Structure formats: structure tokens, C-alpha cells
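Please look over the sequence and the fold before reading on.

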Amino acid sequence: MNVPEKHELFQTLCRIGFKEIEIGFPSASDTEFAFARELIEKDLIPEDVSVQVLVQAREHLIRRTIDSLKGARRAIVHLYTPTNPAQRENRL
């Protein structure tokens with residue numbers, strides 16, 4: 001999904017009453033990071049909504065994810081350890 005499509009889905013989920021909305025994997029791509037930043041910087045997250053993000057338990061990815069959430073009122077970070085050996089061994 002591109003950023004406008006993500007905005008449309010986010011607004012729809014807010015309209016129908018969701019209070020915890022996963023907004024993506026900000027450390028995975030510039031699009032994901034930009035979407036999180038835009039929601040926060042333009043104050044598009046309703047006060048009663050918590051955003052959620054996903055990140056692998058790898059220091060550089062966690063740092064990038066936390067950077068994407070700076071200024072958010074409330075955020076939930078889903079941290080996971082990959083079980084796939086290729087994901088655990090790849091340093092990207």
C-alpha cells in the first residue's frame with residue numbers, strides 16, 4: 001500500500017471505532033516510516049487511539065522504529081524474535 005491508501009484505511013478504522021490500530025513496520029521501508037511520521041506530525045491520530053507498530057528484536061531496527069514514533073501520544077510496539085534462521089543471521 002502507498003501512503004494515501006494507508007491514510008484511507010487508517011481513517012476508516014478510526015471512523016468505525018477502533019482504538020488500537022497497527023500502522024505498519026516503520027523500520028522496514030521509507031514508506032512505512034513516512035506514514036508513521038505523517039500521522040504524528042500532522043496530528044492525525046485521535047486522542048483516544050493508540051497506534052501500534054511491529055519490529056524485529058534487532059537494535060538498529062528498534063532505534064528506527066522508536067524514531068518513527070517520536071511525538072506520538074500513545075504507541076504500542078510489538079517486538080518479535082524471528083524464528084527463521086535467514087532472518088536471524090541477516091544483518092540488514
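The sections below go through the sheet, the helices, the nonpolar core and a few single residues of this predicted model.

## The sheet

The sheet is an open one made of 3 strands, in the order β1-β2-β3, with parallel pairing. β1 (20-24) and β3 stand at its edges and have a single partner strand each, so one side of each lacks a neighbour in the sheet. On average, neighbouring strands of this sheet are turned by 30° against each other, direction ignored.

The pairing of β1 with β2 is parallel and runs over 4 bridges. Within this pair, Glu22 stands opposite Gln52 in β2. Strand β2 (residues 50-56) also pairs with strand β3 (residues 75-80), in the parallel sense and over 6 bridges. Here Val53 stands opposite Val77 in β3, and Leu54 has His78 as its bridge partner in β3. In a regular strand, side chains alternate between the two faces of the sheet.

## Crossovers and helix packing

Another right-handed β-α-β unit is made by β1, α2 and β2.

Helix α1 (residues 3-15) lies across β1 and β2 and runs at about 175° to β1. Helix α3 lies across β2 and β3, at about 165° to β2.

## Helix α2

The buried residues of α2 are Glu32, Phe33, Phe35, Ala36, Arg37, Leu39 and Ile40.

## The nonpolar core

In soluble globular proteins, nonpolar side chains tend to be buried together. In this model the largest nonpolar core has 14 residues. Those with the most contacts inside it are Phe10, Ile21, Ile23, Phe35, Leu39, Ile45 and Val51. Two or more residues of this core come from each of α1, β1, α2 and β2. The largest share, 4 residues, is given by α2.

Which residues does Phe35 touch, leaving aside those up to four places away in sequence? They are Val3, Lys6, His7, Phe10 and Ile23. Phe10 and Ile23, like Phe35, are listed among the core residues with the most contacts.

## The loop between α2 and β2

Asp43 lies in the loop between α2 and β2. This residue follows α2 and has a positive phi of about 55° although it is not a glycine. Is Asp43 buried or exposed? With a relative accessible area of 51%, Asp43 is exposed, because the cut-off for this class is over 50%.

Leu44 is also placed in the loop between α2 and β2. Its relative accessibility is 36%, so Leu44 counts as partly exposed. Not counting residues up to four places away in sequence, Leu44 touches His7, Phe10, Glu38 and Leu39. Leu44 and Phe10 are 34 residues apart along the chain, and their C-alpha atoms are separated by 9.5 Å.

## Ser50 in β2

Ser50 belongs to strand β2. The relative accessible area of Ser50 is 10%, and since buried means under 20%, this residue is buried.

Which residues does Ser50 touch, not counting those up to four places away in sequence? The contacts are with Lys19, Glu20, Ile21, Arg74 and Ile76. Of these, Ile21 is one of the residues with the most contacts inside the largest nonpolar core. Ser50 and Ile16 are 34 residues apart in sequence, and the distance between their C-alpha atoms is 15 Å.

Note on methods
Residues numbered from 1 in each chain as written. Predicted model: local features only at pLDDT ≥ 70, side-chain atom pairs only at ≥ 80, totals over all residues. Heavy atoms only, no water. Pairing = 2+ DSSP bridges. Axes fitted to C-alpha atoms, helices over the stretch in contact; angles between N-to-C directions. Contact = heavy atoms within 4.5 Å. Buried < 20%, exposed > 50% of the residue type's maximum accessible area, 1.4 Å probe, protein only. Core = buried A, V, L, I, M, F, W, Y, C linked by side-chain atoms within 4.5 Å. Right-handed = clockwise from strand over helix to strand, strands pointing away.
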